[in-house]
Structure formats: structure tokens, C-alpha cells
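Hello,

Here is the structure I promised to pass on to you. Please open it beside this message, and then read on for what turned up in it.

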Amino acid sequence: MAVFEVGRVAVKTLGHEAGRYCVVVEVIDKNFVLVDGLFVHRRRSNVAHLAPTKDKVDLKKGASTEEVKKAVDKAKFTEKFKGKVALGL
């Protein structure tokens with residue numbers, strides 16, 4: 001089973017969005033995924049720059065930004081996504 005799958009909630013660990021939660025929208029290959037979130041712009045991300053969480057939202061492959069927002073609301077993760085994780089790296 002792959003760690004990163006469509007709907008998996010992850011935390012960005014590098015870049016200007018570091019510490020923000022995002023959702024995997026599509027798996028591009030073994031090194032890259034497409035992510036989107038409430039405070040993360042939709043973009044290709046290296047899996048080495050993501051920390052997966054145990055959380056998952058119900059989402060289909062290639063979902064739009066609006067569908068991601070609705071899935072996050074439905075899973076009651078909105079408050080979690082508003083915060084920023086302190087990365088003790």
C-alpha cells in the first residue's frame with residue numbers, strides 16, 4: 001500500500017507553506033503528488049516535502065479545489081486546516 005493516496009491528509013514540511021495541512025488530490029508518480037488545501041495552493045509536490053497523517057478525506061482522483069474544500073468541511077477538519085503545525089525538524 002502506498003503511503004500517499006488520493007484523499008490522504010498531509011503536512012507540508014518545506015517551502016513557504018511549511019506547517020500547513022493539505023490533501024493529496026492525485027498521485028503523479030512515485031516521487032510527486034498533486035496537493036490542494038484551504039491554505040495551500042494546488043500544486044505538484046515532492047513526497048519528500050510532505051509528512052502524511054493518519055487522517056483521510058473522501059475524495060475522487062483529480063477533484064477540484066471546491067470539492068477539496070467540501071470534503072475537508074464534511075470530515076470536520078476545517079479548524080485543523082486553519083492552524084499551522086509546529087515542525088520540530
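Let's begin with a definition: a residue counts as buried when its relative accessible area is under 20%, and as exposed when that value is over 50%. Please also keep in mind that this is a predicted model.

With that cut-off, is Ser45 buried or exposed? Its relative accessible area is 3%, so Ser45 is buried. You will find Ser45 in strand E4. Setting aside residues within four places in sequence, Ser45 has contacts with Lys12, Asn31, Phe32, Val33, Val35 and Leu50.

Two residues of that list meet again in the sheet. Leu50 in E5 is the bridge partner of Lys12. Strand E1 (residues 8–12) and E5 run antiparallel and are joined by four bridges.

Now for the whole sheet. It is open, has five strands in the order E4-E3-E2-E1-E5, and its pairing is antiparallel. Strand E4 (43–46) and strand E5 (50–56) are the edge strands, each pairing on one side only. On average, neighbouring strands of the sheet are turned by 50° against each other, ignoring direction. As background, strands of a sheet pair through backbone hydrogen bonds.

In soluble globular proteins, nonpolar side chains tend to be buried together. The largest core here has 14 residues, and the members that touch the most others are Val9, Val23, Val57, Leu59 and Phe81. E1, strand E2 (21–27) and helix H1 (65–74) each give two or more residues to this core. There is also a second, separate core of nine residues, among them Phe4, Val24, Val40 and Leu50.

Not counting residues up to four places away in sequence, Leu59 touches Val6, Gly7, Val23, Val24, Glu67, Val68 and Ala71.

Have a look at the rings too. The charged end of Arg44 sits over the ring of Phe32, 4.1 Å from the ring centre. Lys80 lies over the face of Phe77, at 5.3 Å from the centre of that ring. The structure also holds one aromatic pair.

Finally, where is Lys76 found? Lys76 is in the loop between H1 and helix H2 (78–82). With a relative accessible area of 73%, Lys76 is exposed. Most residues other than glycine have a negative phi. Lys76 has a positive phi, near 60°.

Happy exploring, and do write back with any questions!

Best wishes

Methods
Residues are numbered from 1 along each chain as its sequence is written. This is a predicted model: local features need pLDDT of at least 70, side-chain atom pairs count only at pLDDT 80 or more; totals for chains, interfaces and linings use all residues. Side-chain values use heavy atoms; hydrogens and water are left out. Two strands pair if DSSP finds at least two bridges between them. Axes are lines fitted to C-alpha atoms, for helices over the stretch in contact, and angles run from 0 to 180 degrees between N-to-C directions. Rings of Phe, Tyr and Trp (its six-membered ring) pair if their centres lie within 6.5 Å; planes under 30 degrees apart count as stacked, over 60 as edge-to-face and the rest as tilted. A charge sits over a ring if NZ of Lys or CZ of Arg is within 6 Å of the ring centre and within 35 degrees of the ring normal. A nonpolar core is a set of buried Ala, Val, Leu, Ile, Met, Phe, Trp, Tyr and Cys residues joined through side-chain atoms within 4.5 Å. Buried means under 20% relative accessible area, exposed over 50%, partly exposed in between (1.4 Å probe, protein chains only). Contact means heavy atoms within 4.5 Å.
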